[in-house]
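This report describes one protein model in plain terms. Look at the sequence and the structure first, then read on.

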Amino acid sequence: SRCLAASARQSHASASTPYPVDLCKSLNRVYVEMSDGHVIDTLQKKRVAGLIRRVATQRASGQAYFAAHGVTLSGSDEAQTPTPCTSLKHAPFPKPLLRQLLARPGYKEPTPVQAAAWPLATRGQDIVAIAQTGSGKTLAYLLPALMRCARKDEVTGRSGTPVCVVMAPTRELVVQVFAEAEAFGATLGCSSVAVYGGAPRHAQAAALRAGAELVVATPGRLMDVMELHPDSKRGDGMAASLAQCSLLVLDEADMMLGLGFEDAIRTIALQTAPQRQTLMFSATWPSRVQRVAAMLMRKGWVRVSISQQAGGSVDDPGIGGSGCSGGDDGDGDGSTPSSQPTACAGVEQRVHVVAGDEAKWSLFAKLIRPFRPGKRLEGKRLLVFANTNRCVWQLGDYCWEVGSRRDLGGSWAGAGRD
């Protein structure tokens, strides 16, 4: 019991305790009493024994949760593995944020990636989380990031200085993450800025100069507004300094690297604080993601892998990327994460093989019939992909003729797609 109390006291002092704070304080009091030479009476012995039982029970409960939900933690020794956050009521966030979480429709408990990542992220641990799209990764990093931003005066000494940068591969994902950041950030008094291509650059640069604690951006456009390109000749100067940025987040990291943003990520990372915390979220764990993780992470980082069967209880508000699972060196059968993209086990997939345009059109008309006005799936959304703009417009005209509303993409400008 003396060793446990001393260990908890040391962990609490270093702000990296694997135990709950209230338990650490209790153990610390017992340690101080023993250090002062007080005689341990029967009551104190019962207190210590009870605290030890709590630690053992919590650790066993955490291990059982990880096993049941397909969660694997690599790079973290057993003594430093935190208890998963299995209840929204006990999530490690301020009360205003908890009230907003509890009021979220259909959100009853943290998803596995959130349960594993929240305790690690809020204690300052560097994390690589490998989980399929739709598993709740956005809130897994966004809520700890907003907590960091809420301490802006403590971190940077003033408001409006970027404390956290979230990078995502596409404008659509940036817009979705920004919307969530605005909704939750308002509760904590944190402001956000979205920086992405297809929108006026000068307006985004002006928003950065006006001040924001959280920046959500695509790497390429952030390089533009920060004047980080070697051949940049705009002369506007950096829109904001990232020198006080203490948290860097990469969302859908595998997709960003697949799009060729590795150099941009490296350049932006060099602009942030040297001792920053880094959170990387990815659907797969290929060699290029491993290489960037090794470059960005501090010593002692943890990899959290979620198997496909774990899934998530809420839709991830930032859906983007491949929709595949990922992880370490599994065989891709869904039971363990794979280093290569695999089909998502949570999505039913049907393949129809047809020959010729006429057969294809007939099948298309049959497939969308249930979505037409007065039919069973009226009002539900249907997403159709085609390989040319001409085909997109033809499909859209057909849908319009049969009474279905259609929203078209393809050659639309950014404002039109929004």
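E262 counts as buried, with a relative accessibility of 17%; buried means under 20% relative accessible area, exposed over 50%, and partly exposed in between (1.4 Å probe, protein chains only). Its salt-bridge partner is R266, with N and O 2.9 Å apart. A salt bridge here is a side-chain nitrogen of Lys or Arg within 4 Å of a carboxyl oxygen of Asp or Glu. R266 has a relative accessible area of 29% and is partly exposed. Both E262 and R266 belong to helix 12 (residues 262–270), where they are four residues apart, about one turn of the helix. Helices (H or I, at least four residues) and strands (E, at least two) are DSSP runs, numbered from the N terminus.

The model is predicted: local features need pLDDT of at least 70, side-chain atom pairs count only at pLDDT 80 or more, and totals for chains, interfaces and linings use all residues. Residues are numbered from 1 along each chain as its sequence is written, and side-chain values use heavy atoms, with hydrogens and water left out.

**Salt bridges**

| Pair | N to O distance | Relative accessible area |
|---|---|---|
| E262 and R266 | 2.9 Å | E262 17%, R266 29% |
| R298 and D126 | 2.8 Å | R298 27%, D126 2% |
| E348 and R350 | 2.9 Å | E348 62%, R350 66% |

E348 and R350 are bridged to each other; E348 is exposed, and R350 is exposed.

What does the bridge between R298 and D126 tie together? The closest N and O atoms of R298 and D126 are 2.8 Å apart. R298 is in the loop between helix 13 (287–296) and strand 8 (302–306), and D126 is in the loop between helix 5 and strand 2 (127–130), so the pair links parts that are 172 residues apart in sequence. D126 is buried, whereas R298 is partly exposed.

**Strand 3 and its neighbours**

In a regular strand the side chains alternate between the two faces of the sheet. From strand 3 (residues 164–167), C164 and V166 point one way and V165 and M167 the other, and all are buried. Strand 3 pairs in the parallel sense with strand 5 (residues 214–217) over four bridges; strands pair if DSSP finds at least two bridges between them. Strand 3 also pairs in the parallel sense with strand 6 (residues 247–250), over four bridges. The bridge partners of V165 are V215 in strand 5 and L248 in strand 6.

**Helix 4**

The buried residues of helix 4 (residues 95–102) are L97, L98 and L101. They lie on the same side of helix 4 because they cover an arc of only 100 degrees around the axis, the arc being that of the directions from the helix axis to the C-beta atoms. Exposed K95 and R99 are on the face turned away from that buried side. The buried residues pack against helix 5 (112–122), helix 6 (137–150) and helix 8 (171–188).

**Cysteines and the whole protein**

The count of disulfides is zero, a disulfide being a pair of cysteine sulfur atoms within 2.5 Å. For C245, the nearest cysteine sulfur is that of C164, 6.1 Å away. C245 is buried, at 0% relative accessibility.

The protein has 16 helices and eight strands, and 46% of its 418 residues count as buried.

Terms used:
Contact means heavy atoms within 4.5 Å.
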